[in-house]
Amino acid sequence: MTGVMVFALQFQVVSLLAFFKSHYSVSFGTEWFNESKATKEYGDIDVFTANFRPLKATLSGLPDRVFMKLIVCAKTNKVLGLNMCGENSPEIVQGFAVAIKAGLTKEDFDSKVGIHPTAAEEFVTMRTPTRKIREHPPAEFC
């Protein structure tokens with residue numbers, strides 16, 4: 001067949017996305033590594049976090065908050081993982097999953113303009129690590 005592309009899905013890198021409905025709408029998403037797994041596999045990591053009340057909640061008077069986290073290999077600056085809890089997080093995480101799969105670095109994230117008016121723009125404005133985790137480096141690097 002001409003014009004048909006065949007590819008294999010990589011199930012080890014599928015995003016985890018969940019929606020919960022309660023008094024407030026809560027959703028979260030995560031892509032690739034959490035801090036523990038990243039430290040075990042890559043050694044030194046930098047963790048960038050943001051915890052804030054988005055503009056939409058501020059203007060409407062809602063108490064909603066958003067938490068975001070980027071996990072970055074300290075040696076190569078490659079983004080290893082991304083977590084988010086808050087409104088629209090599953091859709092936002094799915095969008096960033098492509099960038100992580102492509103091997104983008106923290107500099108690549110920093111050089112982009114945020115997607116406005118969603119909270120997604122915060123992922124490209126995190127400049128200072130919240131914490132730096134330093135372990136003995138594993139045999140292989142990022």
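**Entry 1: strand S4**

I started with S4 (66-73), bearing in mind that the model is predicted. How many of the eight residues of S4 are buried? I found seven of them buried, so S4 is largely enclosed by the rest of the structure.

Next I checked the strands that pair with S4. S3 (45-52) runs antiparallel to S4, and I noted eight bridges between the two. On the other pairing, S4 and S5 (79-85) are also antiparallel, joined by six bridges.

I then picked methionine 68 of S4 to follow across the sheet. Alanine 50 stands opposite methionine 68, and in S5 the bridge partner of methionine 68 is methionine 84.

I also looked at how the chain gets from S4 to S5. The two strands form a hairpin, with five residues between them. Asparagine 77 sits in that turn and has a positive phi of about 70°.

**Entry 2: helix H1**

I moved on to H1, residues 35-42. Which residues of H1 are buried? My list reads Glu35, Ala38, Thr39 and Tyr42. Looking down the helix axis, I saw these buried residues fall within an arc of 100°, so they line one face of H1.

I wanted to know what covers them.

At the N-terminal end I found a cap: a side-chain oxygen of asparagine 34 lies 3.2 Å from the backbone nitrogen of serine 36. After H1 comes glycine 43, with a positive phi near 85°.

**Entry 3: salt bridges**

I counted the salt bridges and got seven in the structure. As a reminder to myself, side chains of opposite charge can pair when their charged atoms come close.

The pair I opened up to begin with was lysine 75 with aspartate 44, where the closest N and O atoms are 3.6 Å apart. Lysine 75 is in the loop between S4 and S5, aspartate 44 is in the loop between H1 and S3, and the pair links these distant parts of the chain, 31 residues apart. Buried or exposed? Aspartate 44 is buried, at 16% relative accessible area, while lysine 75 is partly exposed, at 34%.

Next I looked at aspartate 46 and arginine 134, whose side chains meet in a salt bridge at 2.8 Å, N to O. Aspartate 46 belongs to S3 and arginine 134 to the segment after S6, so this pair ties together parts that are 88 residues apart in sequence. Aspartate 46 counts as buried, with 9% relative accessibility. Arginine 134 is partly exposed, with a relative accessible area of 42%.

I also noted arginine 127 and aspartate 110, which meet through their side chains at 3.1 Å, N to O. Here aspartate 110 is in helix H4 (106-110) and arginine 127 in the loop between H4 and S6, 17 residues apart. Aspartate 110 is partly exposed, at 25% relative accessible area.

Notes. Residues numbered from 1 in each chain as written. Predicted model: local features only at pLDDT ≥ 70, side-chain atom pairs only at ≥ 80, totals over all residues. Heavy atoms only, no water. Buried < 20%, exposed > 50% of the residue type's maximum accessible area, 1.4 Å probe, protein only. Helix = DSSP H or I, 4+ residues; strand = E, 2+ residues; numbered from the N terminus. Arc of directions from axis to C-beta. Contact = heavy atoms within 4.5 Å. Polar contact = N/O pair within 3.5 Å; in protein donor to acceptor, adjacent residues only side chain to side chain. Pairing = 2+ DSSP bridges. Salt bridge = Lys/Arg side-chain N within 4 Å of Asp/Glu carboxyl O.
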